[in-house]
Amino acid sequence: MTSGKTLNRINTPVKAGILGWPVTHSRSPLIHNYWLKMHGIEGSYEKLPATAEDFEKVVKGLVGAGYAGANVTAPHKEAAFALADFADASTTQLRAANLLVFKGGAIHASNTDGYGFLQSLGGGSDEAGYDKNWSTNPVALLGAGGASRAIIGALVDAGIPELRISNRTLEKIDTLRFLCEGTPTNISAVPWGDRAAMLEGCGLLVNTTSLGMSGQPPLDISLDRLPDFAAVVDIVYAPLETPLLKAAALKGLRAVDGLGMLLHQAVPSFAAWFGVKPEVTPELRRLIVTNLEGKS
Ligand code: ATR
């Protein structure tokens, strides 16, 4: 791989896409086609609708049709991992994949969501000067659904000392405990009614619930207990500024929207299929924001 401008050793156009159901609203084609154009690579990235019933058949069809691979979104991330012939260690731990790479007829699975999350926080080793307070203090996380898993995995890998998780259905948190087993991270399950109190002393609050998303009720939580060095992340990106992020900004806290995670999780996928590590530029971000605002 190269981080140089253009590299396309392959003569036939490289094909990839995103598998999901529904997949109509995915912004991934916009991201990957922007990078293809920018690097002058002959390739394509398209929406690949697949129902749960058809998932395996569709994936095998893509392998047969010479695709380089595919991204995988809801509801297929677990199925993608189960179908793969190979998976890296962290993906095996998560038992869910968002990236498939086809090599010599075999399916390789990875999960780049955690990487995307850390990068969106400015946590990449190639980014200087980011505020590390969040990684040395307890982290508060809301939600225990599919989206929480890769984020918890990344936080544990980052070595956080304590993870407090609150979810409406408290018992669901138990299904996530395995992610902290054998690590220095202490995990605690907090009843939904106590979610504001758990923010005491936390360096980071992450919302992984669907609350705050367009068409959903806002996330109701007081940020009063959060220290002033804390950052607040909402993985929701439609709308870009959720009521939670608005409240965080009003309090003078660092507010991180979900678009950064979406953009950064795409980087390793593009690199794996097209051989170039692309950049998340302000121009790319503007392109997606314009699309989210319905202007393109
Ligand atoms: P995803 O895969 O995107 O995480 P999910 O698995 O449906 O989606 O999870 C959605 C998350 O939002 C869950 O944590 C869910 O809480 P429950 O586990 O109790 O269902 C949370 N959520 C959705 N609607 C909610 C609401 N009205 N109040 C509180 N939490 C809610």
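Visitor: Which handedness has the crossing of α5 and α7?
Guide: This is a predicted model, and the description applies to the model. Two packed helices are described by the angle between their axes and by the distance between the axes. For α5 and helix α7 (residues 146-157), the axes are 8 Å apart and the angle is about 65°. The crossing of α5 and α7 is right-handed.

Visitor: Which residues in α7 do D113, G114, F117 and L118 in α5 meet?
Guide: By class, the contact of α5 with α7 divides into 6 nonpolar residues, 1 polar and 1 charged. On the α5 side stand D113, G114, F117 and L118, and their partners in α7 are A150, I151, A154 and L155.

Visitor: How many of the 8 residues of helix α5 are buried?
Guide: Buried means under 20% relative accessible area. In α5 this applies to D113, G114, G116, F117, L118, Q119 and S120. Helix α5 (residues 113-120) is therefore largely enclosed by the rest of the structure, and the number of its 8 residues that are buried is 7.

Visitor: Which residue just after α5 takes a positive phi?
Guide: Most residues other than glycine have a negative phi. Just after α5, a positive phi of about 80° is taken by G122.

Visitor: Is Q265 buried or exposed?
Guide: Q265 is part of helix α9 (residues 259-274). Leaving aside neighbours within four places in sequence, Q265 is in contact with S28, N98, T112, D113 and G116. Its relative accessibility is 8%, and because the cut-off is under 20%, Q265 counts as buried.

Visitor: What separates the C-alpha atoms of Q265 and N111?
Guide: Along the chain, Q265 and N111 are 154 residues apart.

Visitor: How far apart in space are G66 and V206, C-alpha to C-alpha?
Guide: G66 sits in the loop between α2 (55-64) and β3 (69-72). With 52% relative accessibility, G66 counts as exposed. G66 and V206 are 140 residues apart in sequence, and their C-alpha distance is 39 Å.

Visitor: At roughly what angle do the axes of helix α1 and helix α10 cross?
Guide: Helix α1 covers residues 28-38 and helix α10 covers residues 282-292. α1 passes α10 in a right-handed crossing. The axes of the two helices come within 10 Å, and they cross at roughly 140°.

Visitor: Which residues of α10 make the contact with α1?
Guide: The contact of α1 with α10 has 8 nonpolar, 1 polar and 1 charged residues. From α1 come L30, I31, Y34, W35 and M38, while α10 brings E283, L284, L287, I288 and N291.

Visitor: What is the omega of the peptide bond that joins W21 and P22?
Guide: Most peptide bonds are trans. P22 lies in the loop between β1 (14-20) and α1. The bond joining W21 and P22 is cis, with an omega of about 0°.

Visitor: Which residue is joined to P239 by a cis peptide bond?
Guide: P239 is in the loop between β11 (231-234) and α8 (243-250). The cis bond has an omega of about 10°, and the residue joined to P239 is A238.

Visitor: What phi has R95, although it is not a glycine?
Guide: R95 is in the loop between α4 (89-94) and β5 (99-103). With a relative accessible area of 44%, R95 is partly exposed. R95 is not a glycine, yet its phi is positive, about 55°.

Visitor: How many disulfides does the count come to?
Guide: A disulfide needs a pair of cysteine sulfur atoms within 2.5 Å. For C180, the nearest cysteine sulfur is that of C202, 14 Å away, and C180 is in no disulfide. C180 counts as buried at 4% relative accessibility, and C202 counts as buried at 0%. The number of disulfides is 0.

Visitor: What is the mean pLDDT of the chain?
Guide: Of the residues of the chain, 93% reach a pLDDT of 70 or more. The mean pLDDT of the chain is 93.

Visitor: How many contacts has the stretch of residues 124-130, beyond near neighbours in sequence?
Guide: Over residues 124-130 the pLDDT is below 50. Where pLDDT is low, the predicted coordinates should not be read in detail. Beyond near neighbours in sequence, the number of contacts of residues 124-130 in the model is 10.

Terms used
Residues numbered from 1 in each chain as written. Predicted model: local features only at pLDDT ≥ 70, side-chain atom pairs only at ≥ 80, totals over all residues. Heavy atoms only, no water. Buried < 20%, exposed > 50% of the residue type's maximum accessible area, 1.4 Å probe, protein only. pLDDT = per-residue confidence, 0-100. Contact = heavy atoms within 4.5 Å. Axes fitted to C-alpha atoms, helices over the stretch in contact; angles between N-to-C directions. Helix = DSSP H or I, 4+ residues; strand = E, 2+ residues; numbered from the N terminus. Left-handed = near helix turned anticlockwise from the far one by under 90°. Nonpolar A, V, L, I, M, F, W, Y, C, P; charged D, E, K, R; others polar.
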